[in-house]
Amino acid sequence: MRSAKSSTVLLLCTLLIGINCQVQHITIYPTRDGTLIEPALDEVFAGGSSNAIYSGVLAEARRVRAVVWFHLLQHIPQGFGEGSSSFDGGRGAPAEANDVTWFHREFPDQLWTTPGGDFDPTPSSTTSLTFAQSIYTWFGLENVVQSWVDNPDQNHGFIVIGNEEGCTPDSCSPTARRFTSKDSDLHQERWPHLFVSFTPPDHEFATPSVCENEEGFYDPGTISCANVQCFEVCSPEEITADVCETGACCVNGECRIVEERVCQILLRGQFNGFGTSCGSDSCVLRLQPFVDALPIPPVATPVTGRAGSSAEYVLTMDEFTQKLHRDLPPTTVWGYNRTFPGPTLEAWSGVPINVTWINNLTSEGQLRTTHYLTVEDCLHGPSITKSVPFTVPHVHGGKIHARWDGHPDFQFPPGISDTYTYHNQQRASMLWYHDHALGC
């Protein structure tokens, strides 16, 4: 698979197994992912736990290659390791134990045969990418994935190689693209994933009605073993006799004592832990502080130029979901480039940059014509624009020409963009940008 900036990779294939059975579908998320980072000197860098993976060529002419491994069947993992090093941006952090690197399958002892990874030079699939934050799809991976099913020990994963042509240390037009990693706090829909259509043999897979007849519950998320889609649950008598591992499960504010997977899979509830009981405060929302890592905004990759110098950027204003706390479900938010917080723009005092801002607010795949929230249209601003979600960017604290300072008179609706020039004629400091639409 060749080619790899986006906030997501989507790997799509159709895998056929068996005959005479209704086609089923499953989405598989990666067990491991990482970035092979070509060193500039003698360093060994990695990013095993970073929130993004990268592919292409960086501005300093160093190559980066993304690797992704999917656990399809029950066997010992192959391919490459994943350590705890973490960074933002494509340059990496010092490698730690088990990290995959430019030289290592697993740092520090297991080496690639060839630096940059061992892979079939013939691409399994290719696709073209733009600078838009979007979902990209690689088709035609059926034979590769089928071969892994037939020969599990040959499942070494995918490597995503971008355009690596025409770069030298003295002259380089960077091609590196950023993809959301499985280690990101973003919702799973933004992670790399393998979408598989398959035809299972009749005797290996259950149906909801079969499970009901067996007085069990149906788990649609399993495809690898016979009968595993039907799992038994404890009877009320067994729960009373305390012979099952159960605990308090909160479902829409109501507490009940069940098994963990009944709570999570069948009831879609929050399991409080084994041995916990239902009390008056069992389902009161209590958010434990300091359980989530401080989100560090990624550094934006320019369309032309390089970060920290004269450059041009494209930033989209999007609607997406984001987990705001470990114990909260994904929340609908509006943000920039589908990241929360939005990406950091690095600039140098006195060196101008251009930013094209795109109002890409959508709902169910269509550009929004109404606001997500109820709008009081008697206010100044909405009295003219009504509930259409106009936006206009403002750099707070910036010394900026009036045309590009985020005045509400220049706000624009979904589907429209505007290019701003920031001359950066001020002392270096940390500024922040935000929406400045009137009435919001």
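Predicted model: local features only at pLDDT ≥ 70, side-chain atom pairs only at ≥ 80, totals over all residues.
Strand 6, which spans residues 63-69, is mostly covered, with six of its seven residues buried. Antiparallel pairing links this strand to strand 3 (residues 32-37) through six bridges, and within this arrangement glycine 34 has valine 67 of strand 6 as its bridge partner. Strand 5, comprising residues 52-57, also runs antiparallel to strand 6, to which two bridges join it, and here glycine 56 is found opposite valine 64. Five residues separate strand 5 from strand 6 in the hairpin that the two form, and in the turn alanine 61 adopts a positive phi of about 70°. A further antiparallel pairing, over three bridges, connects strand 6 with strand 11 (residues 158-160), where phenylalanine 158 stands opposite valine 68.

Aspartate 33 is located in strand 3, and its side chain presents a charged group for which no salt bridge is found although the residue is buried. The nearest side chain of opposite charge belongs to lysine 182, at 4.7 Å, whereas the salt-bridge criterion requires a side-chain nitrogen of Lys or Arg within 4 Å of a carboxyl oxygen.

How values were computed. Residues numbered from 1 in each chain as written. Heavy atoms only, no water. Buried < 20%, exposed > 50% of the residue type's maximum accessible area, 1.4 Å probe, protein only. Helix = DSSP H or I, 4+ residues; strand = E, 2+ residues; numbered from the N terminus. Pairing = 2+ DSSP bridges. Lys, Arg positive; Asp, Glu negative; His and termini not counted.
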